Amino acid sequence: MSFVPSRRSILAGLALSAGAAPAAAREAARPGAMGPVRYVSRHRGRFNGRAVNYTATVEETLVAAAERRPAARFVTTAYVAEPVDPDRPVLFFFNGGPIVASSYLHMGAFGPKRYDPPRDVAADVPEPYALLDNADSLLDVADLVFIDPPETGFSRLVDEADRKAAYSDGADSRMTAGFVEAWLASAGRVRSPRYLVGESYGTLRAALTAGLLSDRLPLDGVALMGQALNMIETSQRRGNIVSYAVNLPALTAIAAFHRRIPGGEDLKARIEEAWTFAMTDYLSALRRGNGLTATERRATAERLQALTGIPVDYYLANRLVITKMDFCVELLKDQGLILGMYDARYSGPAPRPGERPSDPYNKVNAMIAPLLARHMSENLGVRLSMADYRGSAPRPGPWGYEPTEGAGGPFDDYFYDRGIERAMAANPRFRLMLGTGVFDTTTTIGAARYLADQAAYPRERIVLKEYEGGHMTYSNPDARTAMAQDLRAFIAGR
């Protein structure tokens with residue numbers, strides 16, 4: 001299972017126009033497509049109602065080779081408020097992939113400029129796309145660093161022969177930890193409160209990186225958007241009954257949104273109803289399996305129909321379960337439509353026989369690449385050749401990632417949460433935030449709740465938030481604003 005198959009090539013052909021350099025100061029050290037680079041520009045914006053002067057820096061940071069860590073050149077974008085405050089929090093952002101650039105969080109959620117997806121999920125997204133000031137950027141409370149992992153964006157391994165060695169979650173997190181340490185030291189920010197914000201597969205990177213940093217530079221917190229630490233529950237493997245139970249509330253939210261069940265006007269209540277049933281009667285019925293009587297089996301199927309809009313007969317024919325992928329195909333099948341996997345509010349024509357399906361949410365993702373190009377050229381003054389820009393890392397094999405440094409592969413059952421446990425132990429102030437879109441079918445609200453309930457650290461150090469959006473929940477403007485406010489409170493310790 002890859003979290004972002006529809007994203008992998010979105011930025012592949014990205015090209016920047018020459019454009020005029022911004023009026024603000026700009027530096028470029030040593031020209032060359034992939035030589036050491038540094039572009040600096042100065043700006044002013046208003047974020048959460050507060051005017052902020054800030055410096056934007058696109059620069060290269062060399063992370064030297066170390067044990068089980070290849071050398072890498074990170075090219076990242078940092079936004080730092082002026083005057084520099086060494087005690088100001090620093091947030092490090094990265095996306096998922098397993099290896100993609102940070103452009104989604106950068107241009108969709110927290111950078112000073114953003115895209116403008118329509119509120120109406122059925123609306124077209126016509127070009128030219130609007131590039132807007134982002135009042136939801138967190139620059140009013142923290143400095144922001146957007147990380148493109150090696151082999152994405154302009155970041156590269158020093159030796160491309162190291163790709164296979166670099167494409168494991170262990171090496172990935174060690175390179176990321178090395179970058180965070182190097183950036184903090186170079187910027188004179190070692191005493192700053194520091195946080196990681198990861199999305200999707202980036203939540204696995206964040207957890208492991210947090211554990212690595214706990215020995216030298218303990219973090220103050222980690223925020224996971226669309227978390228996947230408990231992959232075994234998220235992925236719905238056959239025979240794993242818990243995975244079907246924890247994912248039920250997401251199906252209920254989606255069915256209510258599409259008016260296949262009543263209660264969309266009180267979505268929270270319907271979600272809670274589904275969660276209670278899932279963790280009690282439904283889980284019990286799945287455990288009993290063949291031991292259910294015909295009457296009990298039908299009663300459970302009828303309850304599932306009431307909560308998901310999927311007919312009783314489907315559940316009776318499929319051992320009382322439906323996978324998330326099948327649900328996206330079945331719910332609006334009578335209308336000839338399929339649902340978006342990343343945001344099931346979106347629907348589109350079902351593929352014809354033999355035709356490859358396209359996620360209806362792709363029309364929103366398509367906005368990111370041209371707007372990133374425009375922002376970097378017009379606002380940040382970047383003059384690197386965008387022919388060298390990579391939206392995702394080249395794959396050395398079928399997954400593009402080697403197995404984890406433990407049992408299984410990157411999307412398998414693996415104890416990713418151990419990194420958070422180490423971070424919790426290293427800093428008594430450390431807290432974890434879990435933010436999930438209720439219409440996300442990839443990493444669901446129930447899996448996040450289950451992680452919070454089962455974590456081997458205090459529940460009071462976990463902030464659990466749910467938003468009316470999908471995997472990239474910030475494509476709903478209201479959810480983006482709510483998420484930004486929750487992160488402000490999280491950083492403030494509230």
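A salt bridge is a side-chain nitrogen of Lys or Arg within 4 Å of a carboxyl oxygen of Asp or Glu. By this rule the count comes to 30 salt bridges. The model is predicted: local features need pLDDT of at least 70, side-chain atom pairs count only at pLDDT 80 or more, and totals for chains, interfaces and linings use all residues. Residues are numbered from 1 along each chain as its sequence is written, and side-chain values use heavy atoms, with hydrogens and water left out.

Glu59 lies in strand E2 (residues 50-63) and Arg38 in strand E1 (residues 38-47), so the pair ties together parts 21 residues apart in sequence. Helices (H or I, at least four residues) and strands (E, at least two) are DSSP runs, numbered from the N terminus. Glu59 is buried at 18% relative accessibility. Arg38 is partly exposed at 32%. Here buried means under 20% relative accessible area, exposed over 50%, and partly exposed in between (1.4 Å probe, protein chains only).

A salt bridge also joins the side chains of Lys113 and Asp133, at 2.3 Å from N to O. Lys113 belongs to strand E5 (residues 113-114) and Asp133 to strand E6 (residues 132-133), 20 residues apart. Asp133 is exposed, with 56% relative accessibility.

Arg429 pairs with Asp220 at 3.6 Å, N to O. Arg429 is exposed at 58% relative accessibility, whereas Asp220 is buried at 13%. Elsewhere, salt bridges with shared partners join Glu151, Glu160, Arg163 and Arg390 into one network.
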